[in-house]
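Q: Could we go through this structure together? I would like to start with the overall layout and then turn to some details.

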Amino acid sequence: MTELSPIMLGFLGSLVAGLMTAVGATPILFGRLPSQGTRDLSLGFAAGVMLSGSFFSLIIPALDTVETRTDSAVVPAAIVCAAILLGMGVLALMNEMLPHEHFGRGREGLESASLRRVWLFIIAITIHNFPEGLAVGVGFASGDVKGGLPLAIGIGIQNVPEGLAVAVSLLGEGYGKWRAWGIAALTGLAEPIGGLLGAGIIALSEPLLPWGLAFAAGAMLYVISHEIIPETHRSGHQKRATLGLSLGLVIMLFLDVWLG
């Protein structure tokens with residue numbers, strides 16, 4: 001596996017992580033759905049994984065990379081902070097410009113009467129999943145398998161509850177179980193696209209590595225704050241969501257130290 005190019009590793013790693021969305025949606029095919037509280041705990045876990053991965057697998061390596069190239073203490077912090085804000089800003093712009101819809105919060109972005117509601121929802125999940133794939137791709141492009149493996153595993157794990165949440169939401173909108181499962185599975189395919197793009201850009205221009213790492217972190221932090229945490233608190237299960245976030249954070253931290 002280590003003989004594969006960073007671009008191929010980024011693509012395959014993000015593809016496997018994205019396919020875990022389909023695994024998470026599978027329980028709807030058998031009619032065994034967890035309670036809303038359990039789903040909020042699981043989504044909180046996903047937020048914790050992303051939060052931990054943003055710092056320990058992306059931001060800290062970005063700082064380390066810049067520090068090896070300069071004697072200044074200010075330059076690494078300035079570059080990484082700028083890239084984080086850029087990543088958050090790009091996701092915020094996508095959120096404002098692309099028509100999409102979140103179940104429970106309604107439509108966001110530009111109005112588009114021509115798009116069916118399910119496509120608006122798919123666009124919303126794509127905005128959510130793309131930075132996750134980007135992070136995995138950039139992680140593998142940072143040098144070797146160890147750079148992206150913890151992120152690929154962590155994001156794959158957190159895609160399981162997200163896949164279930166997507167499928168359950170579609171069931172609530174009246175879609176059949178197989179169609180809901182299929183749409184949930186397809187939303188995970190945004191991740192290998194992001195992975196291929198992230199790995200490709202870094203492979204072509206190695207000096208962009210710290211920018212790519214911190215940009216991906218900023219994009220994920222935006223998703224955590226704007227999408228996942230508000231969703232986990234919407235039904236009054238804040239305590240379970242916080243417990244899930246805590247578990248996700250420490251498990252991802254453990255994976256990063258163990259595998260990195």
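Q: What pattern does the protein follow, read along the sequence?
A: Along the sequence, the pattern is α-α-α-β-β-α-α-α-α-α-α. The protein has nine helices and two strands, where helices (H or I, at least four residues) and strands (E, at least two) are DSSP runs numbered from the N terminus. This is a predicted model, in which local features need pLDDT of at least 70 and side-chain atom pairs count only at pLDDT 80 or more, while totals for chains, interfaces and linings use all residues. Residues are numbered from 1 along each chain as its sequence is written, and side-chain values use heavy atoms, with hydrogens and water left out.

Q: How many of the residues are buried, as a percentage?
A: Buried residues make up 49% of the 260 residues. Buried means under 20% relative accessible area, exposed over 50%, and partly exposed in between (1.4 Å probe, protein chains only).

Q: What about helix H2; how far does it reach?
A: Helix H2 (residues 36-67) has 32 residues and reaches 45 Å from its first C-alpha to its last, close to the 46 Å expected at 1.5 Å a residue. The expected span is 1.5 Å times one less than the number of residues.

Q: And where is the kink in H2 centred?
A: The kink in H2, of about 30°, is centred on glycine 53. The bend at a residue is the angle between axes fitted to the seven residues ending there and the seven starting there.

Q: New topic: how many aromatic pairs does a search of the whole structure find?
A: The search finds two aromatic pairs. Rings of Phe, Tyr and Trp (its six-membered ring) pair if their centres lie within 6.5 Å; planes under 30 degrees apart count as stacked, over 60 as edge-to-face and the rest as tilted. Tryptophan 178 and tryptophan 181 have ring centres 6.3 Å apart and planes at 75°, so this pair is edge-to-face.

Q: Why are those two separated by about one helical turn?
A: They are separated by about one turn because tryptophan 178 and tryptophan 181 are three residues apart in helix H6 (residues 177-187). An α-helix has 3.6 residues a turn, so residues three or four places apart point the same way.

Q: Is tryptophan 178 buried or exposed?
A: Tryptophan 178 is exposed, with a relative accessible area of 58%, whereas tryptophan 181 is partly exposed at 25%.

Q: Which residues form the other pair?
A: Phenylalanine 254 and tryptophan 258 have ring centres 6.0 Å apart and planes at 35°, so their pair is tilted. Both phenylalanine 254 and tryptophan 258 are exposed.
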